[in-house]
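Please take me through this protein feature by feature, with the general idea before each case.

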Amino acid sequence: RRISPAKMAAVKEENGTAARSGGEESTYTLACQKLENLLNKSMRIRMTDGRTLVGLFLCTDRDCNVILGSAQEFLKSTDLFSQGEPRVLGLAMIPGHHVVSIEVEADSLAGSQGF
């Protein structure tokens with residue numbers, strides 16, 4: 001789906017990105033492209049309460065909130081061998097302030113370039 005240049009300019013102005021200089025704009029564009037390359041890749045997100053969610057990266061926002069699809073929850077384990085069964089969540093939103101780390105699973109990056 002293509003977005004017209006006029007629509008893109010309106011979106012950039014609304015988001016406050018229209019005033020960026022050329023160098024900042026190219027950095028912003030590169031960051032957006034890298035983020036777009038992660039769409040639908042499998043991610044592992046560790047949270048402040050010790051839980052780990054694994055699912056497909058669907059989107060994020062300015063506050064670093066993350067939406068995962070087909071998500072599974074793994075509880076914090078005191079014993080490395082007692083991981084137990086994951087709980088199936090489906091669609092999950094992780095608030096950005098609860099994210100400790102994000103890992104992209106290597107097998108989902110096999111077809112991607114630059115990572």
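Q: Leaving aside its neighbours within four places in sequence, with which residues is methionine 47 in contact?
A: Contact means that heavy atoms lie within 4.5 Å. By that rule, and with neighbours within four places in sequence set aside, methionine 47 is in contact with Leu53, Ile94, His98 and Val100. The model is a predicted one: local features need pLDDT of at least 70, side-chain atom pairs count only at pLDDT 80 or more, and totals for chains, interfaces and linings use all residues. Residues are numbered from 1 along each chain as its sequence is written, and side-chain values use heavy atoms, with hydrogens and water left out.

Q: Where is methionine 47 found, and is it buried or exposed?
A: Strands (E, at least two residues) and helices (H or I, at least four) are DSSP runs numbered from the N terminus. Methionine 47 is found in strand β1. Buried means under 20% relative accessible area, exposed over 50%, and partly exposed in between (1.4 Å probe, protein chains only). Methionine 47 is buried because its relative accessible area is 9%.

Q: In what order do the elements of the protein run?
A: From the N terminus on, the order is α-α-β-β-β-β-β, that is, two helices and five strands. Of the 115 residues, 22% count as buried. Among contacts with a separation of 6 or more, 44% are between residues 24 or more positions apart.

Q: Which residues make up the largest nonpolar core?
A: A nonpolar core is a set of buried Ala, Val, Leu, Ile, Met, Phe, Trp, Tyr and Cys residues joined through side-chain atoms within 4.5 Å. The largest one here has 11 residues: Leu38, Met43, Ile45, Met47, Leu53, Phe57, Val66, Leu68, Ala71, Ala92 and Ile94. Two or more of these residues come from each of β1, β2, β3 and β4 (87–94).

Q: How many salt bridges does a search of the whole structure find?
A: A salt bridge is a side-chain nitrogen of Lys or Arg within 4 Å of a carboxyl oxygen of Asp or Glu. The search finds five. One of them pairs glutamate 105 with arginine 44, with the closest N and O atoms 3.1 Å apart. This pair links distant parts of the chain, 61 residues apart: arginine 44 is in strand β1 (residues 42–47), and glutamate 105 is in the segment after β5 (99–104).

Q: What does glutamate 73 form with arginine 51?
A: The two form a salt bridge whose closest N and O atoms are 2.7 Å apart. Glutamate 73 lies in strand β3 (residues 66–74) and arginine 51 in the loop between β1 and β2, so the pair ties together parts 22 residues apart in sequence. Salt bridges that share partners join Asp49, Arg51, Glu73 and Arg87 into one network. Glutamate 73 is buried, at 5% relative accessible area, whereas arginine 51 is partly exposed at 26%.

Q: Which residues make a nonpolar surface patch?
A: Patches consist of residues with over 30% relative accessible area and no salt bridge; like charges are joined within 9 Å, and nonpolar side chains (Val, Leu, Ile, Met, Phe, Trp, Tyr) within 5 Å. Leu56, Leu58 and Leu91 make such a patch, of about 260 Å². Leucine 58 lies in strand β2 (residues 52–60) and counts as partly exposed because its relative accessibility is 34%.

Notes
Accessible areas come from the Shrake-Rupley method with a 1.4 Å probe; for residues, only the protein chains shown count as cover.
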